[in-house]
Amino acid sequence: MPLYEFRCTKCGAQFEELCSAEARPGCPKCGATEVKRLFSAFATKSGGEFRSSTQGGGSCAGCAGGSCASCH
Ligand SMILES: [Zn+2]
């Protein structure tokens with residue numbers, strides 16, 4: 001199961017949950033179910049090393065190397 005990062009739209013808390021792509025877990029702080037799924041930081045960090053981010057800002061949130069469809 002992938003690790004997703006969420007942000008609560010009520011209180012602004014950020015948290016991570018191992019869950020399916022369709023799941024919307026409740027906020028652990030205020031219990032609200034109005035949470036927004038963010039791009040997982042783990043996915044971008046494990047896809048490439050940090051030096052890829054020094055190439056001039058070519059990468060986007062969807063990839064680490066600046067070569068995915070949303071980069072160009
Ligand atoms: Zn909350």
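Tutor: Gladly, and please keep in mind that this is a predicted model.

Student: Okay, and what does E1 pair with in the antiparallel sense over four bridges?

Tutor: That partner is strand E3, residues 35–38. Within this pairing, Glu5 stands opposite Leu38, and Phe6 stands opposite Arg37.

Student: How many bridges join E1 to E2?

Tutor: Five bridges join E1 to strand E2, residues 14–18, and these two strands run antiparallel. On the E2 side, Phe15 stands opposite Phe6, while Leu18 is the bridge partner of Leu3.

Student: What's in the turn of that hairpin?

Tutor: Five residues lie between E1 and E2 in the hairpin, and Gly12, which is in the turn, has a positive phi of about 85°.

Student: So in what order do the three strands sit in the sheet?

Tutor: The order is E2-E1-E3, in an open sheet with antiparallel pairing. E2 and E3 are the edge strands, each pairing on one side only. On average, neighbouring strands of this sheet are turned by 35° against each other, with direction ignored.

Student: Zooming out, what pattern does the chain follow along the sequence?

Tutor: Read along the sequence, the pattern is β-β-β-α, in keeping with a count of one helix and three strands.

Student: What share of the 72 residues is buried?

Tutor: Buried residues make up 8% of the chain's 72 residues. As for contacts between residues at least 6 apart in sequence, 27% of them join residues at least 24 apart.

Student: Which residues make up the largest nonpolar core, then?

Tutor: The largest nonpolar core has five residues, namely Tyr4, Phe6, Cys8, Cys27 and Val35. E1 gives the largest share of this core, with three residues.

Student: Switching topic: why does Glu16 count as partly exposed?

Tutor: Glu16, which lies in strand E2, counts as partly exposed because it has 14 C-beta neighbours inside 10 Å, whereas a residue needs 20 or more to be buried and 12 or fewer to be exposed.

Student: Which residues is Glu16 in contact with, leaving aside neighbours within four places in sequence?

Tutor: With those neighbours left aside, Glu16 is in contact with Leu3, Tyr4 and Glu5.

Student: And how far apart are Glu16 and Cys27 in space?

Tutor: The C-alpha to C-alpha distance between Glu16 and Cys27 is 10.0 Å, and the two are 11 residues apart in sequence.

How values were computed: Residues are numbered from 1 along each chain as its sequence is written. This is a predicted model: local features need pLDDT of at least 70, side-chain atom pairs count only at pLDDT 80 or more; totals for chains, interfaces and linings use all residues. Two strands pair if DSSP finds at least two bridges between them. Two residues are in contact if their C-beta atoms, placed from the backbone, lie within 7 Å. A nonpolar core is a set of buried Ala, Val, Leu, Ile, Met, Phe, Trp, Tyr and Cys residues joined through C-beta atoms within 7 Å. Axes are lines fitted to C-alpha atoms, for helices over the stretch in contact, and angles run from 0 to 180 degrees between N-to-C directions.
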